[in-house]
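This report goes through one structure part by part, with the cut-offs given where each term comes up.

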Amino acid sequence: MLGSGSKVSVRKGRPADTGALSQVFRESWQFAYRGIIPHVHLEGYIRQRTPEWWRTAMRSGECPLVLDLDGKVVGYATFGAARHRGPYQGEIYELYLDPVHQGMGLGEHLFEGCRHALDMRKLSGLIVWALLDNTQACDFYWRRGGRPVASTFTKIGGARLEKVAFVGVPCQITPVRKMQLVDASYLNNGRKKDKHIERQTKFLKGYGARVALNIGLLCTEVFTYEGLMVEKIQGEMGIPLSDIKKFNVKGKVLIYKKDGSLVEMKLKAAQEYARTECHHCGDFSAELADISCGGVGAMDWTITILRTPYGEELFNRMVAEGLLEVKPIEEFEKSMQVLLRLTNKQHLRVPVPPGQDASRVRNAAQLL
Ligand code: SF4
C-alpha cells in the first residue's frame, strides 16, 4: 500500500534487481493473461524470464526502467526504437506492475519515464502494442492519450486472439457482461491444479473476453417461431412464410408481404405466443450494453443510447467519419417518452421474491 511517506522512483534496472524483475514478470503476466494466452505458452514465457535472462538483457544494453517503491521493485518497463516502420519512432515494448500495486497510479511514473528516455534518444512519436483482450492495458494507454492506430492478429499456441461485437436482446447482453466482469480468482482455492484453474477460467470468462462491444436491442418480449409464424400467421391467417418480406412490431404487428401489401395484426393476438419468461423480464433497454438501440416509434430512425465511455467513443468516431447520420433526441420527444415509460413499466415486471422486501427489486421511485 502507498503511505503518505512512501518513496516512489523510476530508475535504471541494476543486476541486483533481476530476481525482483522475474517475480514481477511472473505475477503481472499471470494476472494479465491467464485465460487469454494458452496456459502452456504463458508458463513458457514466464519460465524464460529468469534472473539470468534479465542479466543478459542488461549486459547487452537493454536495460529496463524499474519502479522502485520504498526500496522494492514493483514494476518495470522496456522500450526503444519502434519494431515496425511507420510514423512512430519510439515504442514501449513492455510495461508491467506487480498486481498488488496496480490501480494506484504507479504505472504513470513508468510511462512518463519511458517517454522521457525516448525523448532523450530523439525518437519522436510513441507506439505501444497491446492485446485487445488485455482490457486493463488498453484502458491504461487510452487514459494516457493513446488511440488505436493499427491492428494485427497474433497467434499464440494456436489461439487466434481477436475480438467480436455482440448484438443481442437484454437477456443475452446480461450474461455476456457477467462473464466479462466476474472475478475468476476465487477458482484458485489453493487445492486445484493449474490446468484445472485454466480450464475453468476459460470456461467462465473465455467467451465474454472475446466481446469488445455489446450492442443491446430494446425488447419487451419475443414470440415463439413455431407459435406465431407457423401456427398463427401461416396456419390460421393463411400467409405462406415464403411470401413475407419483413415483419415489425410497432404497437401492432405489421407483416410486409413481397407483393407490396401490408397485413396488420393486433399485438394482443401475437402476445399469446410470447415466451413466458419475458413476462418477468425487467430490462427493456439493455442496461448493461455499451450501446442500446431500438425503434420505439421513430420511423426510419433508430433511437440510440450510449451507455459506456467505449460505446460513446465508438459512436462519435463513426459520426465523425460520416458513417452515421444523427439527429438530436429532442426531435423524437414522443419516442423518448415511450422509451422511459416502457423502461419503467418493464422494471415493475420483476417479481418480488417470496418473503423478500420489494426494495430488493424496485428503486426508490418505484416504491412510492
Ligand atoms: S423481454 Fe424476453 S427476450 Fe426480451 S430481453 Fe427480456 S427475457 Fe429476453
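## Model and a first residue

In which helix is the place of Tyr207? Tyr207 belongs to helix H7, residues 194-210. Helices (H or I, at least four residues) and strands (E, at least two) are DSSP runs numbered from the N terminus. Tyr207 is partly exposed, with 15 other C-beta atoms within 10 Å. On this scale a residue is buried with 20 or more other C-beta atoms within 10 Å of its own, exposed with 12 or fewer, and partly exposed in between, the C-beta atoms being placed from the backbone. Between Tyr207 and Gln180 there are 27 residues in sequence and 8.4 Å in space, C-alpha to C-alpha.

The model is predicted: local features need pLDDT of at least 70, side-chain atom pairs count only at pLDDT 80 or more, and totals for chains, interfaces and linings use all residues. Residues are numbered from 1 along each chain as its sequence is written.

## The five-stranded sheet

Five strands form an open sheet in the order E1-E2-E3-E4-E5, with mixed pairing; two strands pair if DSSP finds at least two bridges between them. Strand E1 (8-12) and E5 are the edge strands, and each pairs on one side only. From one strand to the next the twist averages 30°. Axes here are lines fitted to C-alpha atoms, for helices over the stretch in contact, and angles run from 0 to 180 degrees between N-to-C directions.

E3 and E4 run antiparallel and are joined by seven bridges, and Tyr76 stands opposite Tyr96 in E4. H1 lies across E3 and E4, at about 85° to E3. H4 packs on the sheet and touches E1, E2, E3, E4 and E5, its direction making about 35° with that of E3. Contact means C-beta atoms, placed from the backbone, within 7 Å.

## The largest nonpolar core

A nonpolar core is a set of buried Ala, Val, Leu, Ile, Met, Phe, Trp, Tyr and Cys residues joined through C-beta atoms within 7 Å. The largest one has 27 residues, of which Val24, Leu67, Tyr76, Ala77, Leu110 and Cys114 touch the most other members. At least two residues of this core come from each of helix H1 (18-33), strand E2 (65-69), strand E3 (72-81), strand E4 (90-97), helix H4 (106-120) and strand E5 (126-128).

Leaving aside residues up to four places away in sequence, Leu67 touches Val10, Val73, Val74, Gly75, Tyr76, Leu97, Leu106, His109 and Leu110.

## Helix H8

Which residues of H8 are buried? They are Leu228, Lys232 and Ile233. Seen down the axis of H8, these buried residues fall within an arc of 80°, so they line one face of the helix; the arc is that of the directions from the helix axis to the C-beta atoms. They pack against strand E11 (252-257) and helix H9 (267-271). On the other side of H8, Tyr225, Glu226 and Gly235 are exposed. After H8 comes Gly238, whose phi is positive, near 70°.

E11 and E12 run antiparallel and are joined by five bridges. Val253 stands opposite Met265 in E12.

Definitions and conventions
Contact = placed C-beta atoms within 7 Å.
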